[in-house]
Amino acid sequence: LGLLYLLIFCSFYLVACKSNEAETTVEKPQNPNIIFIYMDDLGYGDVSAYGAGTLQTPNFDKLANGGIRFTNAYASSATCTPSRYAILTGTYPWRNENAKILPGTAPLLIDTAQMTVPKMLKQVGYNTGVVGKWHLGLGSGNVDWNQEISPGPNQVGFDYSYIMAATQDRVPTVYIKDGTVVGLDPNDPILVDYNKNFDGEPTAITNPEMLTMKWHHGHNNSIVNGIPRIGFMKGGEAAKWSDIDMADHFLEKAKAFVKEEAEKNAPFFLYYAMQQPHVPRTPHPRFEATSGMGPRGDAIVEADWIVGEFLKELEAQGILENTLIIFSSDNGPVLNDGYYDDAVEKIGDHTPAGPYRGGKYSLFEAGTRLPFIAYWKGKIQPAVSDAMITQIDLLESLAALVGSDVETGDSENLLDVLMGKSQQGREDFVLEATSRTAYKKGDWVMIPPYKGPEVEKNVNIELGNSNEYQLYNLKEDPSQQTNLAESNPEKLTEMVKSFEAIRGQ
Ligand code: NG6
Ligand code: CA
């Protein structure tokens, strides 16, 4: 009996030792690094892999052809601020009435108590950073640009931030690192105002001879580097950015972040918000005339090169196989967005919106239907997916990927779609364009009646406004030429009902 006991004891001991051993030697697989490459005003047809335009973008294509190229994917809004709000919070932007194109002086739009993608990832051990365009407001009203600026990205989930406050065409035209203006001379403080100029400061109106780029509409306030901007700014001379170096500058910061993080024993999240091809289009001179389409095309060629360099850095750090890259854009394309820069004149046969109607600011497809790519070398098999996916779905999909149970209500867990394991995308979506909303369900889109011009004359884009309900079947009519509202009243009623049920929530 003693021997039996001894045997039992020994085998228990062995099993225990074994499992103990297993625990210490088999490491929990580390979550992948996650990078959002978010373009500004890049259209569906501006990525050559989408086969819809004539401009060549070999590096964007590397992602598109090496990952999943989504053809039925949406930004949440046809303008910047609401889309950025949505991609970071996983919430419909129309739920927040302040989610509109913001001036450079606007307070932080995201509540510091709100869930965000970087916060969610931080909870499960990620280090997080943002480089590039912010445009989600800073401070709590009345920012003093000469002090620490807070709250900002660092208060909504980012450990590191290197940003421009708003847009390239808005003041202040300075970089801000972790809440502090970079290179500011305290003897030359920055003042910013969006309503009135500072005495004696030149503007595009008073000193047109100082301009190297001419304004078409808006953009006639303070002049920085010969470019007239939106808003008035005084001082901060040493801190002002160089427009032609902006792409290289942000690339350097993004690469440095990645390099530093690669050495750490934790995954990272980087939100790399590039500024191209938003106005003012100021590609570095080495990209001048590379597209044959003027500065807009050249800025995209530049951005494409930047993405190539950035991918090389991930490769050099040996982390490309452990990094999920999401590539998309905040809103649809526009040619003339306020400067004379030949975008219209030199567009040739290129079609930035691809087959879709409208563009930036529009409720028609081109406003929100955009390039959307999920790339993860070795993990995601190259494919084209027609499943509907939207930028608000990233929050819950990534939560599922990293083992977080964060939910927002609007976001949907489409991890299998993102990874190419399922074609079962979203059923429906409420899209937004300059405070108006429309509803997409399956192949159908319903646009309720809206007052206002059919075409925004300055930018020459159809906004989607009509006195009548509009109903389109995108499968048969992707360019939204035939309004079926009258001929298919049942579908219209069904769509309006579902739309109102969500909008009324
Ligand atoms: C508009 C600007 C436009 C652009 C846009 C924001 C004028 C006349 N137009 O108000 O140039 O800056 O705002 O673009 O000022 S976004 O991509 O950041 O939403
Ligand atoms: Ca934009």
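1. Start with helix H7. Its buried residues pack against strand E1 (33–39), helix H3 (80–89), helix H4 (117–123), strand E13 (323–329), strand E16 (389–390) and helix H8 (415–418). Buried means 20 or more other C-beta atoms within 10 Å of the residue's own; 12 or fewer is exposed, and in between is partly exposed, with C-beta atoms placed from the backbone. Contact means C-beta atoms, placed from the backbone, within 7 Å. Helices (H or I, at least four residues) and strands (E, at least two) are DSSP runs, numbered from the N terminus.

2. H7 spans residues 393–402 and is mostly covered, with eight of its 10 residues buried. These are Asp393, Leu394, Leu395, Glu396, Ser397, Leu398, Ala399 and Val402. Gly403 follows the helix, with a positive phi near 80 degrees.

3. On provenance: this is a predicted model, where local features need pLDDT of at least 70, side-chain atom pairs count only at pLDDT 80 or more, and totals for chains, interfaces and linings use all residues. Residues are numbered from 1 along each chain as its sequence is written, while chains are lettered from A and ligands numbered from 1 in the order in which they are written.

4. Confidence next. pLDDT is the predictor's confidence in each residue, from 0 to 100. The chain mean is 95, and 94% of residues reach 70 or more. ipTM is 0.99 and pTM is 0.94.

5. Thr89 lies in helix H3. Is Thr89 buried or exposed? Thr89 is buried, because 29 other C-beta atoms lie within 10 Å. Leaving out residues up to four places away in sequence, Thr89 touches Ile110, Gln114, Met115, Thr116 and Thr408.

6. One open sheet has 10 strands in the order E7-E6-E5-E4-E12-E1-E13-E14-E2-E15, with mixed pairing. Pairing requires at least two DSSP bridges between the strands.

7. Within that sheet, strand E2 (residues 68–70) and strand E14 (residues 372–375) are antiparallel over three bridges. Phe70 stands opposite Phe372. Helix H2 (residues 58–66) packs on the sheet, touching E2, E13 and E14, and its direction makes about 70 degrees with that of E14. Axes are lines fitted to C-alpha atoms, for helices over the stretch in contact; angles run from 0 to 180 degrees between N-to-C directions.

8. Strand E5 (residues 160–164) has five of its five residues buried. Tyr160, Tyr162 and Met164 are on one side, Ser161 and Ile163 on the other. E5 pairs in parallel with strand E4 (residues 127–133) over five bridges. Gly129 has Tyr160 as its bridge partner. With strand E6 (residues 175–177), E5 runs antiparallel over three bridges. Tyr162 stands opposite Lys177.

9. A second open sheet has four strands, E17-E18-E19-E22, paired antiparallel. Strand E17 (428–433) and strand E22 (470–473) are the edges. Neighbouring strands are turned by 20 degrees against each other on average, direction ignored. Lys441 stands opposite Trp444 in E19.

10. Ligand 1 has 17 residues around it; Thr79, Cys80, Gly218, Asp337 and Gly338 come nearest. Near means a C-beta atom, placed from the backbone, within 6 Å. The shell divides into four nonpolar, nine polar and four charged residues. Ala, Val, Leu, Ile, Met, Phe, Trp, Tyr, Cys and Pro count as nonpolar; Asp, Glu, Lys and Arg as charged; the others, Gly among them, as polar.

Definitions and conventions. Two residues are in contact if their C-beta atoms, placed from the backbone, lie within 7 Å.
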